[in-house]
Amino acid sequence: MRAGYVLSIDQGTTGTTVLIFDHDGQVKGRAYSEFTQHYPRPGWVEHDAEEIWQVTLKVIGEALRSARVRATDLHAIGITNQRETTVLWDRATGKPVARAIVWQDRRTARHCDELKARGLEEMIRHRTGLVIDPYFSGTKVKWLLDQVDGLRERAGRGEIAFGTIDCWLIWQLTGGKAHATDYSNASRTLLYNIQELCWDEEILELLDIPKAILPAVRPSACIFGSTDPEMFFGTHGIPVAGVAGDQQAALFGQACHGAGLAKNTYGTGSFVLMNTGTQRVLSKEKLLTTIAWGIGDEPVEYALEGAIFITGAAVQWLRDGLGIIRSASEVEALARSVPDNEGVYFVPALVGLGAPHWDPYARGLLIGITRGTTRGHLVRAVLESMAYQTRDVIEAMQRDSGITLKELRCDGGASVNRLLMQFQADILGVPVEVPRIVETTALGAAYLAGLATGFWSSRVELAEKWQLDNRYTPHLDESGRQRMFRRWHRAVERSQGWALDDEGDAPGVS
């Protein structure tokens with residue numbers, strides 16, 4: 001077995017996880033910490049990028065201690081990250097100029113509506129693979145440049161840097177020597193031409209974004225730079241070598257290396273991705289076409305994606321917003337305390353609806369409540385909503401690709417919930433497979449870093465490391481499956497457009 005380890009930073013929406021993997025792909029150490037969520041106005045979600053960096057450093061130290069590994073034992077560092085979240089910082093000081101605008105944030109909904117009204121959606125979709133939606137980075141960058149005094153002028157002079165969270169962490173780890181992102185993260189900005197593999201000049205002009213702020217775009221498996229001793233435990237020269245957005249990293253970590261293979265990751269949101277190989281498939285079903293990864297000099301590979309905004313975040317809302325649970329670990333037992341949902345459905349449109357509906361004005365809905373409704377019914381409805389949303393996306397994906405899924409590989413925090421995984425298989429009507437290592441986002445980033453530095457030799461070697469933990473086969477009959485799915489759609493219809501007033505305006509959304 002090869003000596004050394006790969007450290008993987010999984011910088012998520014609500015917290016940062018660091019895992020340390022050995023050459024067998026086994027976890028030798030781990031640590032996790034949440035960070036502050038800021039909600040300054042309805043529909044707005046922000047992070048303090050400086051806090052994210054400090055939390056990341058702290059968690060790296062804890063993971064190294066957990067593994068009993070020294071920083072000098074690390075062969076490479078991989079990064080996987082919450083995507084679309086937008087950071088602007090001062091190149092001279094390395095300090096953010098404002099809070100990061102999180103992917104969940106809806107403040108640019110009105111501007112997105114204006115772009116659609118100008119008939120620009122088809123052009124932007126063809127070039128970027130994305131729909132016009134506040135979800136993506138482009139309109140967030142424009143908003144910051146418009147709203148922060150003097151920022152656009154400074155950006156034009158080259159004093160300001162833009163990046164998604166991976167780019168921010170690369171900058172910090174290398175002491176400001178590398179301002180770069182990878183293909184997968186660039187493809188989530190609404191600014192990157194995924195066919196030509198370049199920042200799109202026309203879209204930049206359309207949004208009035210100066211090219212001077214943009215990072216270099218590199219393959220997901222390549223050496224981005226080396227750690228700076230002042231930034232990384234006095235240790236220099238460790239390659240930062242594998243970078244991918246969290247969902248693309250999970251696709252890679254699940255060994256979905258061939259066209260037609262698909263996975264779903266249950267995190268703050270849930271994201272279904274299907275590998276389409278070196279051919280981009282433009283969706284007719286409001287799915288996203290995204291770059292999956294680039295490996296060194298090989299051609300980039302693409303994926304179809306269905307982005308579900310709220311899944312695990314709904315459990316966090318039950319805990320922090322409603323106080324119904326004390327911790328996420330209570331959820332499965334509470335859901336099992338009732339035999340079924342008793343007609344209670346929850347539509348988690350807390351920040352609008354993502355694929356395939358794309359309604360930024362939808363809002364959360366709980367329906368079917370009676371005097372007999374208990375905490376168990378509510379919690380069960382929250383869990384079931386994750387599975388219904390996944391089926392919505394997979395049905396659209398099958399229509400787009402012409403491929404009928406034979407199985408779905410699942411990962412992320414909620415994949416350890418046996419009730420949810422069984423219900424997911426039941427409502428899909430196909431088996432659900434959960435691997436032994438469910439932190440596949442971190443694993444995928446580690447694998448990319450290890451490929452770039454020769455720690456692992458090939459994708460074939462990596463695919464052989466994938467191990468099945470649980471396989472769930474459908475138990476629900478077809479009539480029951482369809483009846484429940486129809487009622488879910490009735491609930492979704494009632495949630496849509498709720499944030500619009502009688503005149504079609506959106507109070508509290510600018």
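**Entry 1: the annotated stretch**

I began with the UniProt record, an unreviewed entry, which places "domain: Carbohydrate kinase FGGY C-terminal" on residues 263-452. UniProt positions follow the numbering used here, feature names are shortened, and annotations may be inferred rather than shown by experiment. I noted that this is a predicted model, where local features need pLDDT of at least 70 and side-chain atom pairs count only at pLDDT 80 or more, while totals for chains, interfaces and linings use all residues. Residues are numbered from 1 along each chain as its sequence is written, and side-chain values use heavy atoms, with hydrogens and water left out.

Over residues 263-452 I found 35% helix and 22% strand. The end C-alpha atoms of this stretch are 24 Å apart. Helices (H or I, at least four residues) and strands (E, at least two) are DSSP runs, numbered from the N terminus.

**Entry 2: the listed binding site**

Which residues does UniProt list for "binding site"? The unreviewed entry gives Arg83, Glu84, Tyr135, Asp246 and Gln247. I then checked the largest pocket, and its lining takes in Arg83, Glu84, Tyr135, Asp246 and Gln247 from this set. A pocket, on a 1 Å grid over the protein atoms alone, is an open set of points where a 1.4 Å probe fits, with protein on both sides within 12 Å along at least five of seven lines; lining residues have an atom within 4 Å of a point.

I looked up Tyr135 in the loop between helix H3 (121-128) and helix H4 (137-147). Is Tyr135 buried or exposed? Tyr135 counts as buried because its relative accessibility is 0%. Buried means under 20% relative accessible area, exposed over 50%, and partly exposed in between (1.4 Å probe, protein chains only).

Leaving out residues up to four places away in sequence, Tyr135 touches several residues, including Arg83, Glu84, Glu305 and Trp358. Contact means heavy atoms within 4.5 Å. The side chains of Tyr135 and Arg83 also make a polar contact of 3.5 Å. That term means a pair of N or O atoms within 3.5 Å; within protein, one must be able to donate a hydrogen and the other to accept it, and residues adjacent in sequence count only if both atoms are side-chain atoms.

Glu305 lies in strand S18. With 0% relative accessibility, Glu305 counts as buried. Its side chain makes a polar contact with that of Arg83 at 2.6 Å, and another with the side chain of Arg188 at 2.9 Å.

**Entry 3: Gln247 and helix H9**

Gln247 sits in helix H9 (residues 246-253). I read 4% relative accessibility for Gln247, so this residue counts as buried. Beyond four places in sequence, Gln247 touches Arg83, Lys263, Thr265, Phe271 and Leu273.

Why is H9 largely enclosed by the rest of the structure? Eight of the eight residues of H9 are buried. After H9 comes Ala255, with a positive phi near 60 degrees.

**Entry 4: the cores**

How many residues has the largest nonpolar core? It has 130. A nonpolar core is a set of buried Ala, Val, Leu, Ile, Met, Phe, Trp, Tyr and Cys residues joined through side-chain atoms within 4.5 Å. Tyr135, Ile213 and Trp358 have the most contacts inside this core. Helix H12 (residues 375-401) gives the most to this core, with 12 residues. Another core lies apart from it, with 39 residues, among them Val18, Ile20, Leu74 and Leu169.
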